[in-house]
Amino acid sequence: MAEFKPAIMNQAIELMNRSTNTNRRVGAVITNGVGAHNTSLINREGPATTLHAEAQAICWSAAEGHATKGHEIYVTLSPCVACAKLIFQSGIKTVYYYEEDSEQPLALVLLQAAGVGLFGPYKGK
């Protein structure tokens with residue numbers, strides 16, 4: 001069974017607090033040592049211009065040659081459907097989330113169906 005590591009979730013929360021996104025701030029840390037927060041790709045926020053924290057951490061891992069297969073990801077908000085697809089396709093085995101995104105229930109269903117372990121929400125615990 002997977003073991004929750006509060007220090008890694010705290011790193012994700014620190015990254016979330018660095019985000020300048022005015023809509024929703026999110027942080028993510030993969031246990032391969034790569035972390036990220038959501039960010040606007042251009043100087044205009046919106047769904048089409050924001051790169052989610054999970055996607056950014058997975059992309060940075062690939063760009064820097066860090067494996068994601070078999071690792072865990074800690075996120076401050078449960079993933080959206082697009083990030084859920086990236087998570088299970090990248091081989092991440094477990095998702096720990098601090099808060100559940102009530103607008104994205106299908107994402108957790110997809111991750112569970114793909115065999116990805118889910119643990120959370122941890123907010124308030």
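Leaving aside its neighbours within four places in sequence, which residues is Leu-111 in contact with? The legends below start there.

This is a predicted model, in which local features need pLDDT of at least 70 and side-chain atom pairs count only at pLDDT 80 or more, while totals for chains, interfaces and linings use all residues. Residues are numbered from 1 along each chain as its sequence is written, and side-chain values use heavy atoms, with hydrogens and water left out.

**View 1. Leu-111 and its contacts.** Setting aside neighbours within four places in sequence, Leu-111 is in contact with Pro-79, Ala-84, Ile-87, Phe-88, Val-95, Val-116 and Leu-118. Contact here means heavy atoms within 4.5 Å. Leu-111 is also among the residues with the most contacts inside the largest nonpolar core, together with Ile-30, Ile-73, Val-75, Ile-87, Ile-92 and Val-95. That core has 20 residues. A nonpolar core is a set of buried Ala, Val, Leu, Ile, Met, Phe, Trp, Tyr and Cys residues joined through side-chain atoms within 4.5 Å. Buried means under 20% relative accessible area, exposed over 50%, and partly exposed in between (1.4 Å probe, protein chains only). Two or more residues of this core come from each of E1, helix H2 (53-64), E5, H3, strand E6 (94-99) and helix H4 (105-113). Helices (H or I, at least four residues) and strands (E, at least two) are DSSP runs, numbered from the N terminus. A second, separate core of 8 residues includes Ile-8, Met-9, Tyr-74 and Tyr-96.

**View 2. Phe-88 in helix H3.** Helix H3 covers residues 81-89 and holds Phe-88. This residue counts as partly exposed because its relative accessibility is 29%. Beyond its neighbours within four places in sequence, Phe-88 is in contact with Leu-111, Ala-114 and Val-116. For a sense of scale, Phe-88 and Val-26 are 62 residues apart in sequence and 19 Å apart in space, C-alpha to C-alpha.

**View 3. The open sheet of 5 strands.** Follow the order E2-E1-E5-E6-E7, and you will find mixed pairing. Strand E2 (35-37) and E7 stand at the edges with a single partner strand each, so one side of each has no neighbour in the sheet. From one strand to the next, the twist averages 15°. Two strands pair if DSSP finds at least two bridges between them.

**View 4. Strand E1 and its two partners.** E1 (residues 27-30) runs antiparallel to E5 (residues 72-77), and 3 bridges join them. Ala-28 has Val-75 as its bridge partner in E5, and Ile-30 stands opposite Ile-73. E1 also runs antiparallel to E2, again with 3 bridges, and there Val-29 has Gly-35 as its bridge partner. The hairpin of E1 and E2 has 4 residues between the strands, and Gly-33 in the turn has a positive phi of about 100°. Gly-27 and Val-29 point one way from E1, Ala-28 and Ile-30 the other way, and all are buried.

**View 5. Thr-94 in strand E6.** Thr-94 counts as buried because its relative accessibility is 5%. Apart from neighbours within four places in sequence, Thr-94 is in contact with Ala-2, His-71, Glu-72, Ile-73, Val-116, Gly-117 and Phe-119.

**View 6. The cis peptide bond from Gly-120 to Pro-121.** Omega for this bond is near -5°. Pro-121 lies in the segment after strand E7 (117-119).

Methods: Axes are lines fitted to C-alpha atoms, for helices over the stretch in contact, and angles run from 0 to 180 degrees between N-to-C directions.
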